[in-house]
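Hi everyone, thanks for making time this morning. Let me put the model up on the screen, and then I'll walk you through it.

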Amino acid sequence: QVEEADDWLRYGNPWEKARPEYMLPVRFYGRVEHTPEGVKWIDTQVVLAMPYDTPVPGYKNNTVNTMTLWSAKAPIDFNLQEFNMGDYIEAVLDRNLAENISRVLYPNDNFFEGKELRLKQEYFVVAATLQDIIRRFKSSKFGCRDPVRTCFETFPDKVAIQLNDTHPALSIPELMRILVDVEKVDWDKAWEITKRTCAYTNHTVLPEALERWPVSMFEELLPRQLEIIYALSQMHLDRVAALYPGDIDRLRRMSVIEEGDCKLINMAHLCVIGSHAINGVARIHSDIVKNSVFKDFYELEPEKVQNKTNGITPRRWLLLCNPGLADIIAEKIGEGFITDLSQLKKLLEFIDNETFIRDVAKVKQENKLKFAAYLEEQYKVKINPMSMFDVQVKRIHEYKRQLLNCLHAITLYNRKTPHWHLSCTPFLKSLPHFWAALLQAAPGYHMAKMIIKLITSIGEVINNDPYVGDKLKVIFLENYRVSLAEKVIPAADLSQQISTAGTEASGTGNMKFMVNGALTIGTMDGANVEMAEEAGEENLFIFGMRVEDVEALDRKGYNARDYYETLPELRQAIDQISSGFFSPRDPGCFKDVVNMLMYHDRFKVFADYEAYIKCQGQVDQLFMDPREWTRKVIRNIACSGKFSSDRTITEYAREIWGVEPSATAIPPPNIPRN
């Protein structure tokens with residue numbers, strides 16, 4: 001993979017409106033002074049935050065919300081000293097330093113990189129947004145007679161701050177700083193307001209993804225926020241010590257500050273103590289949050305932890321990207337499903353309707369033909385539109401096990417070619433198979449890039465083998481993005497959701513495929529569990545270890561070599577990768593991949609290999625019976641209603657933010673309001 005910068009604003013953005021009249025100062029560095037009048041944060045460096053408003057229109061309800069993004073601007077007097085000393089060229093060039101804050105987005109997925117620029121970005125967006133929230137709170141009257149509102153009692157009734165992972169965790173100390181230092185609210189009162197306002201959504205259980213910032217970085221960059229974090233941590237530890245006297249280990253586990261050679265601030269712990277609600281994003285994930293990630297915190301305040309299973313918007317992921325399918329659904333059950341996806345349940349009565357079965361299969365085939373034509377035009381690859389479209393769409397991470405998919409492709413190839421001589425069931429030679437990988441690696445993730453290299457190398461061998469012909473094609477689609485997903489998802493027959501059980505918090509691609517009429521092959525992980533519950537486990541291809549099996553294997557000790565020695569097809573695939581069969585010009589190319597799989601595989605690819613290959617055999621068997629396959633497809637679509645983001649947001653509103661969602665459409669502008 002080779003990266004290039006996505007200069008998304010090169011030609012401007014017609015949807016956004018700059019709002020310079022609401023530009024706000026954001027401060028960094030400096031020092032803290034404790035005075036009789038209160039605490040002062042002085043000698044700071046100022047960067048200006050320029051808001052850009054983007055309208056977010058609701059679907060046919062005349063409601064438009066506003067999304068505000070912030071851009072960093074250097075103040076006029078930035079580096080004034082140098083300017084006045086005659087080095088004004090240098091001073092003007094230095095303005096770039098301030099404006100770098102909003103120049104680039106860190107592309108990591110499920111991996112924490114503790115760079116100072118990243119911390120600056122996190123504080124920048126938090127500080128600007130909080131100032132804006134407070135300005136709006138003060139200028140809204142809500143029945144208050146004061147010319148300017150000074151009482152913050154009702155703040156949590158009017159404002160909800162949802163911390164989307166730990167990236168905006170600084171909202172907690174920053175809101176405390178504004179309330180205590182600026183608005184002169186009593187500390188305990190400010191803490192109560194902060195907790196009632198903030199709620200935290202956890203998005204991952206992987207330890208390498210959790211944010212832990214060095215205290216030394218805070219001392220320099222955000223000294224006042226550090227003091228507040230220390231005070232909050234102490235209050236929290238005092239409470240824990242009172243409830244569990246003498247339990248020093250518990251205090252260590254629950255502290256916001258992790259002691260050691262380099263003191264670290266555990267941002268997840270800060271979020272938990274500063275929020276009135278904590279949630280995971282699928283039921284199995286929320287259970288892991290309770291029983292392992294935040295076990296001690298759950299024991300302390302069990303009522304705080306909730307589940308909010310993720311959802312996807314049916315407007316984009318059904319109506320817009322798959323109009324053919326949306327039309328035949330609307331023909332049968334009307335258009336109510338567009339804003340109430342649970343109405344898809346009505347399709348259950350058409351599972352045996354021959355006309356509907358034929359229509360669903362026809363729409364899928366049309367989508368496949370359209371996608372095949374796109375591939376031929378864009379990628380110069382000819383694929384058989386009658387083949388099974390087997391698709392894996394996601395960021396590359398070892399826990400998502402793209403390598404398991406590679407091993408299946410190799411096994412399939414070995415079964416289709418005459419050199420396959422192992423004593424296994426002969427492959428159904430009549431079934432053509434097209435495997436598409438739409439994946440993206442973070443720029444610094446070496447293993448992810450090696451996985452891409454492996455996929456393209458496997459593709460090069462398989463796609464050019466005349467014996468295989470169009471029976472098997474392996475394609476890596478580069479530059480994965482939403483617009484490409486909108487083309488491939490409606491065309492997919494099989495959706496790959498094969499993470500190691502207990503590692504994928506939820507996933508949302510799984511839901512997009514389900515509503516678009518692909519069947520799922522997957523582990524009992526993330527939202528797959530609830531998809532299987534909704535549609536019936538027998539209507540998905542579920543395989544492999546469950547969470548408890550993974551835990552048992554951890555206790556026993558996972559030894560990849562055991563599987564390598566006992567599974568001949570696995571051994572053949574691994575030997576081919578390591579011998580250079582797929583990289584003849586550089587035989588040692590994949591030694592790191594093989595070494596990881598054999599000796600350092602945290603995600604136990606080999607442990608699920610046999611079950612996966614067997615399950616893929618069941619997929620192939622069913623695909624040979626188009627009517628039965630399509631009946632399962634209809635059942636999956638009919639049972640996908642739970643996975644609408646409308647349901648998710650309704651639950652957040654009612655159970656976390658304390659607001660009742662309204663389905664009432666505002667009258668259009670040409671109709672006078674009552």
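Let me start with a term: a polar contact here is a pair of N or O atoms within 3.5 Å, where, within protein, one must be able to donate a hydrogen and the other to accept it, and residues adjacent in sequence count only if both atoms are side-chain atoms. With that rule, six residue pairs are in polar contact across the interface of domain 1 and domain 2, both residues at pLDDT 80 or more.

A quick word on ground rules. This is a predicted model, with local features needing pLDDT of at least 70 and side-chain atom pairs counting only at pLDDT 80 or more, while totals for chains, interfaces and linings use all residues. Residues are numbered from 1 along each chain as its sequence is written, and side-chain values use heavy atoms, leaving out hydrogens and water.

Now, the domains. Domain 1 covers 18–140 + 152–307 and domain 2 covers 367–615, with bounds from an automatic or database domain assignment. Their centres, taken over C-alpha atoms, lie 39 Å apart. Domain 1 brings 17 residues to the contact and domain 2 brings 20, where contact means heavy atoms within 4.5 Å.

How much area is buried between domain 1 and domain 2? About 1,300 Å², with 55% of that from carbon and sulfur atoms; buried area is the accessible area (1.4 Å probe) that two parts lose on being put together, summed over both. On the domain 1 side, Asp109, Arg283 and Ile284 supply 38% of what that domain buries against domain 2, more than any other three residues.

Arg283 comes up again: its side chain meets that of Glu533 in a salt bridge, at 2.5 Å from N to O. The count between the two domains is two salt bridges, each being a side-chain nitrogen of Lys or Arg within 4 Å of a carboxyl oxygen of Asp or Glu.

Finally, let's visit two individual residues. Ile357 sits in helix H15 (residues 354–379), helices being DSSP runs (H or I, at least four residues) numbered from the N terminus. Is Ile357 buried or exposed? Buried, at 5% relative accessibility, since the label means under 20% relative accessible area (1.4 Å probe, protein chains only). Beyond four places in sequence, its contacts include Arg627, Thr630 and Ile634.

Asn636 belongs to helix H26 (residues 626–638). Asn636 is buried too, with a relative accessible area of 0%, and among the residues Asn636 touches are Met514, Leu519 and Asn539.

Definitions and conventions
Helix = DSSP H or I, 4+ residues; strand = E, 2+ residues; numbered from the N terminus. Buried < 20%, exposed > 50% of the residue type's maximum accessible area, 1.4 Å probe, protein only.
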